[in-house]
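User: I am new to this structure and would like to go through it step by step. Please keep the answers plain.

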Amino acid sequence: MPSEGGMAAANYMANVAKRDGLTIANIGTGMFSHAIFNAPGVRFKIDDFVFFGTSNTGGPYTVEIRPELRLNTVKALRAYKGLRFVQRSIGHSQYILDRVIAYVLELKDPKWKVGYSSQGIITALEKGEADAHTTNLTTFLR
């Protein structure tokens, strides 16, 4: 179902396809940002879908959070207001992942600081100018 970012397929799966387990779809990741940003034409919510598997063979992602905040559980993270994510730019794949994570975890009033280089992100976290960022787990472990 060709359309911008898989929107037609997502709308179909959420509103037309029978929910009998016999129909599956491989919808592009654009559906996440369309739903989160309430793009025109969206007639679905992320919660309308059951996700399994991935078409991406890349490593898993993690959210790095400054240890000083002591947000050691999902409950503590959800209770924290105004978590400041730091990223390269609006629209960067990891920026979108930040937004998805904030949406799924129902974070309270998250903020984004953009315009940083890879090293700048690390420096912003170390100096307390930002609180969190999403990164590939392999990169994080290095």
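Analyst: A contact here means heavy atoms within 4.5 Å. The model is a predicted one.

User: Leaving aside its neighbours within four places in sequence, which residues is Ala10 in contact with?

Analyst: Neighbours of Ala10 within four places in sequence are set aside. With heavy atoms within 4.5 Å as the cut-off, the residues in contact with Ala10 are Ile27, Met31, Phe44 and Phe49.

User: How many residues does the largest nonpolar core have?

Analyst: Ala10, Met13, Ile27, Met31, Phe44 and Phe49 have the most contacts inside this core. Helix H1 (7-15) and helix H2 (30-36) each supply at least two of its residues. The size of the largest nonpolar core is 13 residues.

User: Which helix supplies the largest share of this core?

Analyst: Both H1 and H2 supply at least two residues. The largest share is five residues, and the helix that supplies it is H1.

User: What pattern does the chain follow when read along the sequence?

Analyst: The chain has six helices and four strands. Read along the sequence, they give the pattern α-α-β-α-β-α-β-α-β-α.

User: What percentage of the residues in the chain is buried?

Analyst: A residue counts as buried when its relative accessible area is under 20%. The chain has 142 residues, and the buried percentage is 34%.

User: Is Glu64 buried, partly exposed or exposed?

Analyst: Glu64 lies in strand S1. Buried means under 20% relative accessible area and exposed means over 50%. The relative accessibility of Glu64 is 26%, so Glu64 counts as partly exposed.

User: In S4, which residue is the bridge partner of Thr62?

Analyst: S1 and S4 run antiparallel and are joined by five bridges. In one of these strands, S4, the partner of Thr62 is Thr135.

User: Why is S4 described as largely enclosed by the rest of the structure?

Analyst: Ala132, Thr134 and Asn136 point one way from S4, while His133 and Thr135 point the other way. Residues on both sides are buried. S4 is largely enclosed because of its count of buried residues, five of five.

User: Where on H5 do its buried residues lie?

Analyst: In helix H5 (residues 118-126), the buried residues are Gly120, Ile121, Ala124 and Leu125. They cover an arc of only 135° around the axis, so they lie on the same side of H5.

User: Which strands are included in what covers the buried residues of H5?

Analyst: The cover is described by its contacts, with heavy atoms within 4.5 Å. What covers the buried residues of H5 includes strand S1 (61-65), strand S2 (84-86) and strand S4 (132-136).

User: Which residue just after H5 takes a positive phi?

Analyst: The phi in question is about 80°. The residue that takes this positive phi is Gly128.

User: How many residues apart in sequence are the parts tied together by the pair of Asp131 and Arg66?

Analyst: Asp131 forms a salt bridge with Arg66, with the closest N and O atoms 3.2 Å apart. Asp131 lies in the loop between H5 and S4, and Arg66 lies in the loop between S1 and helix H3 (74-79). The pair therefore ties together parts whose separation in sequence is 65 residues.

User: Is Asp131 buried or exposed?

Analyst: The cut-off for buried is under 20% relative accessible area. Asp131 has a relative accessibility of 1%, so Asp131 counts as buried.

User: Which residues do salt bridges with shared partners join into one network?

Analyst: Arg66 and Glu68 meet in a salt bridge at 3.3 Å, N to O. Arg84 forms a salt bridge with Asp131, with the closest N and O atoms 2.8 Å apart. Arg84 is in strand S2 and Asp131 in the loop between H5 and S4, 47 residues apart. Salt bridges that share partners make one network of Arg66, Glu68, Arg84 and Asp131.

Conventions
Residues numbered from 1 in each chain as written. Predicted model: local features only at pLDDT ≥ 70, side-chain atom pairs only at ≥ 80, totals over all residues. Heavy atoms only, no water. Buried < 20%, exposed > 50% of the residue type's maximum accessible area, 1.4 Å probe, protein only. Arc of directions from axis to C-beta. Core = buried A, V, L, I, M, F, W, Y, C linked by side-chain atoms within 4.5 Å. Salt bridge = Lys/Arg side-chain N within 4 Å of Asp/Glu carboxyl O. Pairing = 2+ DSSP bridges.
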